[in-house]
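Please look over the sequence and the model below. A short walk through the fold follows.

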Amino acid sequence: MSYPGLQRPLLTPPAPHRPQQEEDVSHSQISVSGEMEADSTGGNMGIKAEDVEMAEYPFEPYIESLRQQLEDQDPVFLIAVIVALAVVVITCVFLKYFLTSKTVRSAVLLVGLCDSGKTLIFSRLLSGKYKRTQTSITDSSAPYKAKNDKATTWTLIDLPGHDSLRSQYLEKFKSAARAIVFVVDSGIFQKEVRDVAEFLYMLLTDTVISRNAPALLVACNKQDITMAKSAKLIQQQLEKELNTLRVTRSAALSSQDGSVGGSVYLGKKGKDFEFSQLPLKVEFLECSARGSKGEDGDADLGSLEKSLAKL
C-alpha cells in the first residue's frame, strides 16, 4: 500500500570490507617506493655534485696523494731534492744569460799609426787594386771573404790612425774584434818605435781586448823599401820598448790581480816582457801593400791573407 507524498529512501550497499593485511602491504609499498624514489633522486644529486667538483678540481686527488707522499718522506731527502731543483734552475738561468749576452765577434780591425798603409791594405784585400789614399778621419768597413775552403766572411774595418781619433774608434769596435791587424811602417820603424809601442801598450792592456783575446797580426808593411826592417827585428825592438813602458807605468797598477783604472798588467810579473806571455795569439808577418812592381803590380799580402784564412 502506498501513500502519496512519501518516497522510499534509496539504499546504498555497504563498502566491501578490506582486510587489514592488504592495507598494511599497500602502505608499505608506497613507503618503499617513496624511499626508493628519494634515494634515487638524492643519489643522482650526489653524483652530479661529485662530477661538478671533479670537473672544477681535476688534479686535487693527485695533489693530495703527492702531499701525503711528501709527508711520509725523510726531511733530509726533501731538502736534497729542493737544493737539486734550485741548482738546475740557477744553471738554466745562467746559461741563458751567458748565451744571449755573448757578442758575436766577426770584425777584423785594421789599426796603426798614420801613413802606415792601413787604407791601401784595406783596398787591396777587398779588390786587389792599387788605390791612392789619404789620411783617414773616419772608419771604413766592408765584408771580406777569407781565402779558405769555408769562404768565411769577416767585416773588415779600417780605423783612423791619427792620435786624436784612434782611441775613440777603437773603443767603438773593440768588442766585435775577432782579429786586430796592427800595421807597422817597416821603412821608418826606427823613428816611430816609441809611438808604435805606446799604441800597442794601450791595446794590450785594455780589459776588453785582454778578455776577448782576439788574434793580433802585426803586419810589417812596406817591405818593398830597401831599408825596411824585418818582422823579427821589429818584434825584438817592440818587446824591449814595451818592457820599458811597463816599468815606467807600473806605479799606476796597484791591485793584486794587476788591474786598475780599466787596464791589465802587461805580460808576467818579474820577467822581461815577451809577446808569448800574452793571453792572445800574436803573429808577426811581412807584407807590402804597394808591391815590388809599384802601382801597376800586385800587392804582396800572401802571408796576411793566409793568417786571416785561419781565423
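Helix H6, residues 189-204, lies across strands E1, E4 and E5. Its direction is about 165 degrees to E4. E5 covers residues 215-221. This is a predicted model, so every value here is computed from predicted coordinates.

The strands under discussion belong to an open sheet of 6 strands. The order is E2-E3-E1-E4-E5-E6, and the pairing is mixed. Strand E2 (140-145) and strand E6 (282-286) stand at the edges. Each has a single partner strand, so one side of each has no neighbour in the sheet. On average, neighbouring strands are turned by 25 degrees against each other, direction ignored.

Inside the sheet, look at E1 and E4. E1 spans residues 107-112 and E4 spans residues 177-185. The two pair in the parallel sense over 6 bridges. Ala107 has Ala177 in E4 as its bridge partner.

Is Lys145 buried or exposed? It is exposed, because its relative accessible area is 55% and the cut-off for exposed is over 50%. Beyond its neighbours within four places in sequence, Lys145 is in contact with Ala151, Thr152 and Thr153. Leu125 is 20 residues from Lys145 in sequence. In space, their C-alpha atoms are 9.1 Å apart.

Next come the charged pairs. Side chains of opposite charge can pair when their charged atoms come close. The structure holds 8 salt bridges.

One of them joins the side chains of Glu305 and Lys147, at 3.2 Å from N to O. This pair links distant parts of the chain, 158 residues apart. Glu305 sits in helix H9 (residues 302-309), and Lys147 sits in the loop between E2 and strand E3 (153-158). Glu305 is buried, with a relative accessible area of 18%. Lys147 counts as exposed, at 58% relative accessibility.

A second pair is Asp206 and Lys174, whose closest N and O atoms are 2.7 Å apart. Asp206 lies in the loop between H6 and helix H7 (207-212), and Lys174 lies in the loop between helix H5 (166-173) and E4, so the pair ties together parts that are 32 residues apart in sequence. Asp206 is buried, with a relative accessible area of 14%. Lys174 is buried as well, with a value of 7%.

Asp185 and Lys222 give another example. Their side chains meet in a salt bridge of 3.0 Å, N to O. Asp185 lies in strand E4 and Lys222 in the loop between E5 and helix H8 (231-249), so the pair ties together parts that are 37 residues apart in sequence. Asp185 counts as buried, at 7% relative accessibility. Lys222 counts as partly exposed, at 22%.

Finish with a nonpolar stretch of surface. Which residues form the nonpolar patch? They are Phe77, Val81 and Leu85, with about 270 Å² of accessible area together. Phe77 lies in helix H3, which covers residues 75-101. Phe77 is partly exposed, with a relative accessible area of 45%.

Key:
Residues are numbered from 1 along each chain as its sequence is written. This is a predicted model: local features need pLDDT of at least 70, side-chain atom pairs count only at pLDDT 80 or more; totals for chains, interfaces and linings use all residues. Side-chain values use heavy atoms; hydrogens and water are left out. Patches are made of residues with over 30% relative accessible area and no salt bridge: like charges are joined within 9 Å, nonpolar side chains (Val, Leu, Ile, Met, Phe, Trp, Tyr) within 5 Å. Accessible areas come from the Shrake-Rupley method with a 1.4 Å probe; for residues, only the protein chains shown count as cover. A salt bridge is a side-chain nitrogen of Lys or Arg within 4 Å of a carboxyl oxygen of Asp or Glu. Helices (H or I, at least four residues) and strands (E, at least two) are DSSP runs, numbered from the N terminus. Buried means under 20% relative accessible area, exposed over 50%, partly exposed in between (1.4 Å probe, protein chains only). Two strands pair if DSSP finds at least two bridges between them. Axes are lines fitted to C-alpha atoms, for helices over the stretch in contact, and angles run from 0 to 180 degrees between N-to-C directions. Contact means heavy atoms within 4.5 Å.
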